[in-house]
Amino acid sequence: MAKQENPLTGETLIKEVCRRIRVAHSYWDAHNNAACRGERERALTLYNTLTKEQKEQIPQVLRVWLRYRSEKYFGVHRNATQVETKVEVVISSHRFEPMNLD
């Protein structure tokens, strides 16, 4: 994704954050987790650039979904645990014995 020439500011930035959160939520409802994750990350990146006053202008329902509910399912702890568990299962299911090279 290319960077914009003119970064969003003010009301435009707030609207874009709301739009991205709604798009991520619609992907969530459609069970499209990969697209939801990407859109949520973009929304969160923009959200973190807002001032405290600007964050308050975003509807609470959207803020809650972005910051808390989706974190439960897309948080770093969620993915790392699943990957590590799968790797441990694969490694523990194989027996490695030394080869006789003589």
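Leaving aside its neighbours within four places in sequence, which residues is I21 in contact with? In this predicted model, I21 is in contact with A43, L62, W65 and L66 once those neighbours are set aside.

**The nonpolar core**

I21 also has a place in the largest nonpolar core, which has 16 residues, and among these V17, I21, Y47, L50, I58, W65 and L66 touch the most other members. At least two residues of this core are supplied by each of the helices α1, α2 (33–47) and α4, and the largest share, 7 residues, comes from α1. As general background, nonpolar side chains in soluble globular proteins tend to be buried together.

**The aromatic pair**

W65, named above as a contact of I21, takes part in an aromatic pair as well, and the structure holds 1 such pair. Its partner is W28, and the two rings are arranged edge-to-face, with 6.3 Å from centre to centre and 75 degrees between the planes. The pair links distant parts of the chain, since W28 belongs to helix α1 while W65 belongs to helix α4 (residues 60–74), and the two are 37 residues apart. A pair of aromatic rings is described in just these terms, by the distance of the centres and the angle of the planes. W28 has a relative accessible area of 17% and is therefore buried, and W65, with a relative accessible area of 5%, is buried too.

E16 is found in helix α1, which covers residues 10–29. Is E16 buried or exposed? Buried means under 20% relative accessible area, so E16, at 16% relative accessibility, counts as buried. The side chain of E16 makes a polar contact with the side chain of R19, at 2.8 Å. Leaving aside its neighbours within four places in sequence, E16 is also in contact with L8 and L46.

**Cysteines and accessibility**

How many disulfides does the structure hold? The number of disulfides is 0, although the model does contain the cysteines C18, which is buried with a relative accessible area of 8%, and C36, which counts as buried at 0% relative accessibility. The table below brings together the accessibility values of the residues discussed in this report.

| Residue | Relative accessible area | Class |
|---|---|---|
| E16 | 16% | buried |
| C18 | 8% | buried |
| W28 | 17% | buried |
| C36 | 0% | buried |
| W65 | 5% | buried |

Note on methods:
Residues are numbered from 1 along each chain as its sequence is written. This is a predicted model: local features need pLDDT of at least 70, side-chain atom pairs count only at pLDDT 80 or more; totals for chains, interfaces and linings use all residues. Side-chain values use heavy atoms; hydrogens and water are left out. Helices (H or I, at least four residues) and strands (E, at least two) are DSSP runs, numbered from the N terminus. Buried means under 20% relative accessible area, exposed over 50%, partly exposed in between (1.4 Å probe, protein chains only). A polar contact is a pair of N or O atoms within 3.5 Å; within protein, one must be able to donate a hydrogen and the other to accept it, and residues adjacent in sequence count only if both atoms are side-chain atoms. Contact means heavy atoms within 4.5 Å. Rings of Phe, Tyr and Trp (its six-membered ring) pair if their centres lie within 6.5 Å; planes under 30 degrees apart count as stacked, over 60 as edge-to-face and the rest as tilted. A nonpolar core is a set of buried Ala, Val, Leu, Ile, Met, Phe, Trp, Tyr and Cys residues joined through side-chain atoms within 4.5 Å. A disulfide is a pair of cysteine sulfur atoms within 2.5 Å.
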